[in-house]
Amino acid sequence: MPLCQLSIVIPVFNEEENITSTIQTLNHVISINHEIICVYDFDGDTTLPILHKLMKQFPQLQIIKNEVAMGPSGAIRAGIHQSTGKQILIVMADGCDDFQQIPKLLSLVQGIDGVVCPSRYCSGGRQLLAPSLKFFLPKSAGFLLKLFTGIPTSDPTNSFKLYSAKIFDELELQSTVSFSVTLEIVTKAFLLGYQIIEVPTTWKNRTKGESNNNLISSIPAYLKWFLLCIIKKIF
């Protein structure tokens with residue numbers, strides 16, 4: 001049986017400038033019983049001293065080391081494995097996700113098993129980012145995947161998603177590169193017939209700190225799940 005209603009998984013990498021605001025905002029907008037699991041890769045991560053201080057204020061906060069695979073996909077997988085909630089929410093530590101939407105996301109999964117996908121690219125969605133590959137590649141990938149497979153989201157690569165924990169009883173996750181585990185989960189859940197609900201979201205670029213994600217080098221990892229979904233759905 002689930003030990004709490006919601007598990008929130010946050011991969012962190014030197015987010016000392018953002019993590020306090022992230023934890024405080026999450027606890028402000030979420031009223032149900034929840035746990036927050038921050039997952040780090042290395043002992044010198046500058047987020048850790050801040051997290052240890054925050055644990056005194058927020059007893060629902062946990063810190064675990066990523067032992068799956070270095071990087072955000074491994075961290076997300078480690079956090080999911082540690083989760084005890086009926087629902088699992090993945091958020092970023094950098095303030096790019098719209099946490100004010102979380103109560104709405106939770107209301108959409110009452111009584112169902114599935115995935116709620118906040119989307120930057122559906123009607124009403126926005127991405128506050130200057131034109132670049134980081135803007136166009138995920139949007140193009142989402143468009144093509146929806147066109148060829150009918151997956152009911154235009155933004156399968158956005159990591160900000162709410163999952164029914166039951167999904168992970170059927171999935172054996174493999175991704176280790178960048179945030180490709182997000183696409184892996186969504187495509188596998190779709191192919192297994194789980195309900196996928198899309199809602200518009202506004203995504204804004206970080207204002208503090210630097211991202212460690214290299215989009216170009218991670219394309220092959222995303223392409224694997226992109227092609228799997230198309231091949232399985234068509235053939």
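Visitor: Which residues of α6 are buried in this predicted model?
Guide: The model is predicted, and a residue counts as buried under 20% relative accessible area. By that criterion 11 of the 12 residues of α6 are buried, so the helix is largely enclosed by the rest of the structure. The buried residues are Ser-180, Val-181, Thr-182, Leu-183, Glu-184, Ile-185, Val-186, Thr-187, Lys-188, Ala-189 and Phe-190.

Visitor: Which element gives the largest share of the largest nonpolar core?
Guide: This core has 38 residues, and Ile-80, Ile-90, Phe-168 and Ile-185 touch the most other members. Two or more residues each come from β2, α3, β4, β5, α5, α6 and α7. The largest share is 6 residues, and the element that gives it is α6.

Visitor: On how wide an arc around the axis do the buried residues of α5 lie?
Guide: The buried residues in α5 are Phe-135, Pro-138, Gly-142, Leu-145 and Thr-149. They are placed on the same side of the helix, because the arc they cover is only 130°.

Visitor: Which exposed residues does α5 carry on the face turned away from its buried side?
Guide: Exposed residues have over 50% relative accessible area. Phe-148, also in α5, reaches 46% and therefore counts as partly exposed. The exposed residues on the face turned away from the buried side are Phe-143 and Leu-147.

Visitor: Which element contributes the largest share of the nonpolar surface patch?
Guide: The patch covers about 1,200 Å², and its members include Phe-143, Leu-147 and Phe-148. The largest share, 6 residues, comes from α7.

Visitor: How far apart in space are Trp-203 and Pro-118, C-alpha to C-alpha?
Guide: Trp-203 lies in strand β9, and its relative accessible area of 8% makes it buried. In sequence, 85 residues separate Trp-203 from Pro-118, whereas the C-alpha distance in space is 9.4 Å.

Visitor: Which parts of the chain does the salt bridge between Asp-155 and Arg-120 tie together, and how many residues apart are they in sequence?
Guide: The closest N and O atoms of Asp-155 and Arg-120 are 2.7 Å apart. Asp-155 counts as buried because its relative accessibility is 0%, and Arg-120 likewise counts as buried at 8%. Asp-155 lies in the loop between α5 and β7 and Arg-120 in the loop between β5 and β6, so the pair ties together parts separated in sequence by 35 residues.

Visitor: Is Asp-43, which pairs with Lys-65 in a salt bridge, buried or exposed?
Guide: The closest N and O atoms of this pair are 3.3 Å apart. Asp-43 is in the loop between β2 and α2, and Lys-65 is in strand β3, 22 residues apart. Lys-65 has a relative accessible area of 31% and is partly exposed. Asp-43, at 56% relative accessibility, counts as exposed.

Definitions and conventions
Residues are numbered from 1 along each chain as its sequence is written. This is a predicted model: local features need pLDDT of at least 70, side-chain atom pairs count only at pLDDT 80 or more; totals for chains, interfaces and linings use all residues. Side-chain values use heavy atoms; hydrogens and water are left out. Patches are made of residues with over 30% relative accessible area and no salt bridge: like charges are joined within 9 Å, nonpolar side chains (Val, Leu, Ile, Met, Phe, Trp, Tyr) within 5 Å. Accessible areas come from the Shrake-Rupley method with a 1.4 Å probe; for residues, only the protein chains shown count as cover. A salt bridge is a side-chain nitrogen of Lys or Arg within 4 Å of a carboxyl oxygen of Asp or Glu. Helices (H or I, at least four residues) and strands (E, at least two) are DSSP runs, numbered from the N terminus. Buried means under 20% relative accessible area, exposed over 50%, partly exposed in between (1.4 Å probe, protein chains only). The arc is that of the directions from the helix axis to the C-beta atoms. A nonpolar core is a set of buried Ala, Val, Leu, Ile, Met, Phe, Trp, Tyr and Cys residues joined through side-chain atoms within 4.5 Å.
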